[in-house]
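Please open the model in your viewer and keep the sequence panel beside it. The stops below are given in the order in which they can be selected.

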Amino acid sequence: MPQLDIGDDADVIVVGAGPGGSAAAYYAALAGLNVLLLEKGIFPRDKVCGDGLTPRAVKSIVGMGIDTSEGKPGADGINGGWIRNKGLRVIGGGMRLELDWPELASFPDYGLVRPRQDFDELLARQAQKAGANLIEAANVTGPITDDTGRVVGVTAKVGPDKKPMQYRARAVISADGMGGRLGLATGVERNEKRPMGVAVRRYYKSPRHTDDYLESWLELWEDTPDGGRRLLPGYGWIFGVGDGTSNVGLGILNSSASFQDLNYRDLLVRWLGGLPEEWGFVEDNATGPTRGGGLPMGFNKAPHYRDGLLLVGDAGGAVNPFNGEGIAYAMETGQLAAEAVVQASGRRSDRAKERALVGYNGALRDHLGSYYRLGGVFVKLIGNPHIMRIATKHGMPHPTLMKFVLKMMANLTDPRDGDAMDRILTGLQKITPAVK
């Protein structure tokens, strides 16, 4: 597909070909819009992530027409290669509990693991197949605004020679991550009262490279010189990637007293030093450096639409406060943003078009606002080590309670015709005011 030349108009520009941007581009193109998808990197390229995909994310992936069958990569190098899992293994309070993903009408009963190294490309190519025009090595440097301050396009440096370019469209979707320039340039700031996290991860050659469960550690311990053990702040994960390596990482929330003062890479080494040696999580087995990034949670950036610009995924602070999951919510917000742009394109007057775009803010509140309000309360509670220890000690011995917690944290319920747990969780969200 040929690239758009300067001066050509797209119906919508999507900045960033991560999961949120590719989902937005896919659904907008599928509806017949002229979509320009600008990606700063060149595929394949990596992103900091745990690589674990819950059934909520799987639903969005399947919804884009992607085959999630297990198997070897296909002729294009990026089909197949999925690693399925049955659920979540929780370790804490001296206990180990395996919780299967629930069987629901609304979501599949399996999760996946796939490295971002090729996962993002798979989604971007699917958007291309739907008709989106993908331009790689297009580093967007800022918005183009009209005399009223409305965003009507973007400036970019494109290709190896960083050629200055301008692209114009009726709407711009920002899927350029937590530090994206578009939101910052238009005055969208982070709400300091809402949750924020930091996560670091590293890949290791390990015999634990395949597993039927995603593994979550509620407590992180390190060995001390005197032969004892010390509790560290944060939570950890071990996800087998299936290629001889494991993705091992940890995260910490800003409700923790240690949030500002930690050396996160050192913290990861200290935790891994206390794990069984035969797992192989040592320096000699590392396949690359430790990488980290922020986790903007609970819609901690708003408004999500203003003056021609829609924010999706990390750019809009859409990470789940309960479990740090970002991919599912990036894809869901990307789809909702695309729907708003599609609806606006079908309106006759500028006023009606704007009303459809403004509707994106309300759509996000309806979709996740109450759930994220509950997540903010949860983050404050577990940031207290004393409360976390009590919850782990008294919650882990009760599998039924932990199944409820799994549904709540992974946001996996049937809102209609669900079981008693689903009805409780749905009821909680109905009575909880949505974040704005």
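Helices (H or I, at least four residues) and strands (E, at least two) are DSSP runs, numbered from the N terminus. The model is a predicted one, in which local features need pLDDT of at least 70 and side-chain atom pairs count only at pLDDT 80 or more, while totals for chains, interfaces and linings use all residues. Residues are numbered from 1 along each chain as its sequence is written, and side-chain values use heavy atoms, with hydrogens and water left out.

**Two residues with positive phi**

Most residues other than glycine have a negative phi, and most peptide bonds are trans. Begin with Asp417, which sits in the loop between α9 (399-410) and α10 (420-431), and whose phi is near 60°, a positive value in a residue other than glycine. Is Asp417 buried or exposed? Asp417 has a relative accessible area of 80% and is therefore exposed, given that buried means under 20% relative accessible area, exposed over 50% and partly exposed in between (1.4 Å probe, protein chains only).

Next select Ala137, in the loop between β8 (133-135) and β9 (138-145); Ala137 is not a glycine, yet has a positive phi of about 55°. With 17% relative accessibility, Ala137 counts as buried.

Two packed helices are described by the angle between their axes and the distance between the axes. Return to α9 and α10, whose axes come within 10 Å and cross at roughly 45°; axes here are lines fitted to C-alpha atoms, for helices over the stretch in contact, and angles run from 0 to 180 degrees between N-to-C directions. The two helices α9 and α10 are therefore oblique to each other, since angles under 35 degrees count as roughly parallel, over 145 as roughly antiparallel, 65 to 115 as roughly perpendicular and the rest as oblique. The crossing of α9 and α10 is right-handed, the convention being that a crossing is left-handed if the near helix is turned anticlockwise from the far one by less than a right angle, and right-handed if clockwise.

To display the contact (heavy atoms within 4.5 Å), select Thr400, Lys403, Phe404, Lys407 and Met408 in α9 together with Met421, Asp422, Ile424 and Leu425 in α10. The residues of the contact of α9 with α10 comprise 5 nonpolar, 1 polar and 3 charged, where Ala, Val, Leu, Ile, Met, Phe, Trp, Tyr, Cys and Pro count as nonpolar, Asp, Glu, Lys and Arg as charged, and the others, Gly among them, as polar.

While helix α9 is in view, pick out Met409, which lies in that helix and is partly exposed, with a relative accessible area of 23%. Not counting residues up to four places away in sequence, Met409 touches Asn320, Phe322, Asn323, Tyr371 and Phe378. Gly375 is 34 residues from Met409 in sequence, and the two are 8.4 Å apart in space, C-alpha to C-alpha.

**Two further helix pairs**

Move to helix α1 (residues 19-30) and helix α3 (residues 116-130), which pack at an angle of about 15° with their axes 8 Å apart. That angle makes α1 roughly parallel to α3, and their crossing is left-handed. On the α1 side select Pro19, Ser22, Ala25, Tyr26, Ala29 and Leu30, which meet residues of α3 including Arg116, Phe119, Asp120 and Leu123. This contact of α1 with α3 divides into 10 nonpolar, 2 polar and 2 charged residues.

Then turn to helix α2 (residues 55-63) and helix α6 (residues 327-345), whose axes come within 8 Å and cross at roughly 40°, so that α2 and α6 are oblique to each other. The contact is made by Arg56, Ala57, Ser60 and Ile61 of α2 and by Ile327, Ala328, Tyr329, Met331 and Glu332 of α6.

Asp11, in strand β1 (residues 9-15), is buried, with a relative accessible area of 16%. Its side chain forms a polar contact of 3.1 Å with the side chain of Arg170 (a pair of N or O atoms within 3.5 Å; within protein, one must be able to donate a hydrogen and the other to accept it, and residues adjacent in sequence count only if both atoms are side-chain atoms). The side chain of Asp11 also reaches the backbone nitrogen of Asn34 at 2.6 Å.

Finish with the peptide bond from Phe43 to Pro44, which is cis, with omega near 0°, and with the cis peptide bond that joins Ala302 and Pro303, where omega is about 0°. Pro44 is in the loop between β2 (35-38) and β3 (52-53), whereas Pro303 lies in the loop between β18 (291-296) and β19 (305-306).
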